[in-house]
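I wanted to look up how charged side chains pair up here. My notes are below the display.

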Amino acid sequence: MKTLTDHLAQYAAYHRDPRNLLTHFIGIPMIVLAVAVLLSRPGVEVSGLWLSPVVALAVGATLFYLRLDLRFGVLMGALLLLCVWIGAHLAQQSTALWLSAGVGLFVVGWIFQFVGHYFEGRKPAFADDLSGLIIGPLFVAAELGFMLGLREPLRQAIEARVGPVGLRQRPIDA
């Protein structure tokens, strides 16, 4: 079973260019919110709560994150809860609003991702390992924490494996 450090280091290996990191800080939250919005239909209100497919996905993802790390798991659970709440709100609006918000966020989020990987000169991590799709949001949270001076031993362990974030030159033939 991979550890938090294993997952983050594997993902970080594809994300050492600061421009790529910047695009991920924008694109990944947009994609996560888009998935929450799009999977909030069909849904049903039960005792004041909107239950939809995204609830099961968010619970499963939160359990995965909690298994890796309690602090990050709690943070990711709270962020996913916020996305589920926004998704539920949009799912109860007109179909045009719900669909345009979900699809719009999804498409623009992925554009940010692919622009970032153009700068990186490397394909996205999920192209080699689908677990990158669930690690991506955790990676963004971890990188933000590192920028705030949090979890320094974790940052050092990741950098010992893949090196520090620094401007990488894009290959000329890429």
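Predicted model: local features only at pLDDT ≥ 70, side-chain atom pairs only at ≥ 80, totals over all residues.

Entry 1. I searched the whole structure for salt bridges and got five. I went through some of them one by one.

Entry 2. I looked up Asp69 and Arg151, whose side chains form a salt bridge with N and O 2.8 Å apart. Asp69 sits in the loop between helix H3 (53–68) and helix H4 (70–91), and Arg151 in the loop between H6 and helix H7 (152–162), so this pair ties together parts 82 residues apart in sequence. I checked accessibility and found both Asp69 and Arg151 buried.

Entry 3. I moved on to helix H7, where Glu152 and Arg155 lie three residues apart, about one turn of the helix. Their side chains meet in a salt bridge at 2.0 Å, N to O. Glu152 is partly exposed, its relative accessible area being 28%.

Entry 4. I then followed Arg155 to Glu159, another salt bridge, with the closest N and O atoms 2.5 Å apart. These two are four residues apart in helix H7, again about one helical turn. Glu159 is partly exposed at 23% relative accessibility. I noted Glu152, Arg155 and Glu159 as a linked network of salt bridges.

Entry 5. Leaving out residues up to four places away in sequence, I listed the contacts of Glu143 as Arg16, Leu21, Phe25 and Val165.

Note on methods: Residues numbered from 1 in each chain as written. Heavy atoms only, no water. Contact = heavy atoms within 4.5 Å. Salt bridge = Lys/Arg side-chain N within 4 Å of Asp/Glu carboxyl O. Buried < 20%, exposed > 50% of the residue type's maximum accessible area, 1.4 Å probe, protein only.
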